[in-house]
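Come along and check each entry with me.

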Amino acid sequence: SELDVLKLYTATSILFQMEHPYDALGVGQKDLLLPRAEWSAFVGAVPVVASDLTSTAPDWPARPFVEKDVRGQKVRIASFTLSLPAPDETLRLLPPAEAWSAVLKAGDASTLGVLMLHCSDTAARALVPKLQPPPDLAVCMDPGYIEPSPNASLVEGVPLLFAGTRGRVL
């Protein structure tokens, strides 16, 4: 709806114009339901990440990963949408293992991998052990986790965190 588009505009304006702006914005299924032209215009100036999506659309703003230097340590931030909410002939969903491999390709062995997952807790716990090498941190955006624990749980040695409603706990 028009209200959803305005919410996106407001959220991106706030999160990416703060004194310490967010480093990346992962693409979720609900983002893909917004009108593409408006969505692309609003997020075009921010680091949008969709590691498991490729697009033939000329206004597609997402990239496969964002690399940051955090206190001398390289960190690559990836984001998996994992499903398309509706058929879209301009988008192609990559298999998770292929997308993760592409994120880490040509990266230094000491680079840390952070993976944002737009899926359920169960899907995240099933997927993380299949990724090789494993991510150093997985952050799940599961709408069922309204007030998750602030502590990470380990999935095959990988810390898994939940962002909570609108990322409040993150």
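Here are my entries, starting with the ground rules.

**Ground rules.** I am working with a predicted model, where local features need pLDDT of at least 70, side-chain atom pairs count only at pLDDT 80 or more, and totals for chains, interfaces and linings use all residues. Residues are numbered from 1 along each chain as its sequence is written, and side-chain values use heavy atoms, with hydrogens and water left out.

**Helix H2.** I looked up H2, residues 36-43 (helices, H or I, of at least four residues, and strands, E, of at least two, are DSSP runs numbered from the N terminus). Arg36, Trp39, Ser40 and Val43 are buried there (buried is under 20% relative accessible area, exposed over 50%, partly exposed in between, with a 1.4 Å probe and protein chains only). Seen down the axis, these buried residues fall within an arc of 95 degrees, so they line one face of H2 (the arc is that of the directions from the helix axis to the C-beta atoms). Ala37 and Ala41, on the other side of H2, are exposed.

**Salt bridges.** I found 5 salt bridges (a side-chain nitrogen of Lys or Arg within 4 Å of a carboxyl oxygen of Asp or Glu). One of them joins Arg36 to Asp88, with the closest N and O atoms 2.6 Å apart. Arg36 lies in H2 and Asp88 in the loop between strands E5 (73-80) and E6 (91-93), so the pair ties together parts 52 residues apart in sequence. Arg76 meets Glu67 at 2.6 Å, N to O; I noted Arg76 as buried at 7% relative accessibility and Glu67 as partly exposed at 34%.
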